[in-house]
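Hi,

Here is the structure I promised to pass on.

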Amino acid sequence: MASELTEELINEQTDGFHLVIDALKLNGLDTIYGVAGIPITDLARLAQAEGMRYFGFRHEQSAGHAASIAGYLTQKPGVCLTVSGPGFLNGLVALANATTNAFPMILISGSSDRAIVDLQQGDYEELDQLNAAKPFAKAAFRINNPEDIGVGVARAIRAALSGRPGGVYLDLTAKVLGSTLDIETARKSLIKVVDPSPLQPPSPASVTRAINLLKKAQRPLIILGKGAAYAQADEEIRRFIETTGIPFLPMSMAKGVLPDNHPLSSAAARSYAIGQADVVMLIGARLNWLLSHGKRPLWPETTQYIQVDIQPMEMDSNRPIQAPVVGDIKSSMQAFLQDLESHGIQVSEDWLEGINQKKQKNIEKMAQRLNANPHPMNFSTALRAIRDVLGKTNDVYVVNEGANTLDFARNIIDMMKPRMRLDTGTWGIMGIGLGYAIAATAESGKSVVAIEGDSAFGFDGMEIETICRYRLPVVTVVFNNGGIYRGDPENSKPSPTGLLADARYDKLIEAFGGRGYHVSDTASLSFALEEALESRQPALINCVIDRTAGTESGHIQGLNPKSGLSK
Ligand code: ADP
Ligand code: TZD
Ligand code: MG
């Protein structure tokens, strides 16, 4: 009799671990990227047992980057799970990067005993995580009672997705995870979030103001940013551009929203188009450093702006915006298209002709560099080989980080489909590569090529073990020039920017059962990349290039202060 009663009671109880999983699953969050340990080991284990996918990483920063890009790709917050204290802090860089880039993610960290932490009595991995997270997160919440898990998860999802997306921190105390609750109360406490990122159509007046400005423009230009890619309004954007005939310029992660070979792309005439345009329409792109803040010498003082963004405060942040359009991009583009039906827009032939001539010249100049055949390879020739292989399907994700490796690859590798180029983004951050690659294939099932500078690769290189463990179709290409920007001269002592010359990165992956290639000419590079992609198995191509080829800071030398005193 007594034992029956106990069993019945147990059966009518649930606990914090299960409730967190139930709350995530109820809201369609089915994948966790994390690193296990106290107090969340059982959360990871149970999540997997309950049918969620769990990707165990070697470092929380990579797991966090993976979660953030999963959010960008799917419009559902990516979930990263970490332990308390240092594990949480390791994840914080990714949380801050997600917030900076407007990627929706939720960093869930277990935390130590509140009473001990608050009195600073020295608990295991003690840290006031909630307050530490606040400056880096769009929002931060702590769940202190098991019956609040449903609300906590719902608030985190809404905060991550609504308005401008961002990184949300969710603190789960060890106590809450272990607490029990009767099943009925638990069931009632869960929330299925309805419409977490409601459409926000712009005001009709703002749309008319913008169209009127475009109608008056002589030389209009559209700049597409990664907000436009995130919004998944590809069809509306294409129709607007093709109906108006306005030339466009994609920011790096917006490459592919319209194919890079689109006749209206003015990417190959970037400075000319920006310098000559009289009205610029920013769609999901901020006028931050990546666009020289809209200031001279790149931009004339007379440029007038239309800015389409979901974040009202973005307007006038760097330059006065004559026609702010606050709304989500999908609704906004639909509104523009409707307005166009009554107001035609005429783009002058001269303007398009000017851009095309400049484009042609620049493409010819680039072709000369691409078609050279120096030994060892340089950035241009190695990337030409990669471009040609990827161009056969245009269905492989491209992850890209480094300095010169980033700048050259962005310009040389054309993207034909939206959201398939993932790179260092708003911060120019190193260490995103393998996390982004893992999430890109995890979320899409497609193959990924991660084109990495040798320094960039070092930030998260151990995740090749993760790639091998899950047998993911990720080919990492390390552009090995022996350093940050370039290698040291032979026989010199290591400089601050130097890395080991002739490092055999290809051998690293062999230690984990992956396929390593060591190449120094374009034919071997093409062969290796084709074979690796064909196999859909983990591979790393150590791509040896001229160690003198890179320039300091790549294309952003202007941001690199130099001592006037050094010899
Ligand atoms: P890029 O680096 O490509 O120039 P940014 O990250 O600077 O792009 O800008 C992206 C912008 O897109 C942000 O200001 C963000 O608020 C905005 N954004 C993100 N999602 C949407 C959306 N669905 N609708 C409108 N604006 C969006
Ligand atoms: N740390 C972090 C997190 N982000 C950074 N951007 C840097 C340091 C500084 N940094 C750059 O801005 S690029 C870069 C570093 C260290 C590496 C460049 O070297 P690489 O690429 O080998 O990756 P190239 O092709 O040799 O230029
Ligand atoms: Mg390098």
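Let's start with a term: a donor is an N, O or S atom within 2.8 Å of the metal (3.2 Å for Na, K and Ca), and since water is not among the atoms, sites may look incomplete. The donors of the magnesium ion (ligand 3) are spaced D-x26-N-x1-G along the chain. They come from Asp454 (OD), Asn481 (OD1) and Gly483 (O), at 2.1 Å.

Before going on, some housekeeping. This is a predicted model, where local features need pLDDT of at least 70 and side-chain atom pairs count only at pLDDT 80 or more, while totals for chains, interfaces and linings use all residues. Residues are numbered from 1 along each chain as its sequence is written, chains are lettered from A and ligands numbered from 1 in the order in which they are written, and side-chain values use heavy atoms, with hydrogens and water left out.

Are Asn481 and Gly483 buried or exposed? Buried means under 20% relative accessible area, exposed over 50%, and partly exposed in between (1.4 Å probe, protein chains only). Asn481 is buried because its relative accessibility is 4%, and Gly483 is buried too, with a relative accessible area of 4%.

Now for ligand 2. It is surrounded by 17 residues (a heavy atom within 4 Å), and the closest are Asn404, Thr405, Gly428, Asp454 and Gly483. By class, eight are nonpolar, eight polar and one charged; here Ala, Val, Leu, Ile, Met, Phe, Trp, Tyr, Cys and Pro count as nonpolar, Asp, Glu, Lys and Arg as charged, and the others, Gly among them, as polar.

Backbone atoms also reach ligand 2. A backbone N or O atom of Gly428 sits 2.8 Å from a nitrogen atom of ligand 2, and one of Gly483 is 2.9 Å from an oxygen atom of ligand 2. The protein covers 76% of the 600 Å² of accessible area that ligand 2 has on its own (Shrake-Rupley method, 1.4 Å probe).

Last stop: Ser112, in the loop between β5 (105-111) and α6 (114-118). Helices are DSSP runs (H or I, at least four residues), as are strands (E, at least two), numbered from the N terminus. Ser112 is buried, at 9% relative accessible area. Its side chain reaches the backbone oxygen of Tyr124 at 2.8 Å and that of Glu125 at 3.1 Å.

Cheers

How values were computed
Polar contact = N/O pair within 3.5 Å; in protein donor to acceptor, adjacent residues only side chain to side chain.
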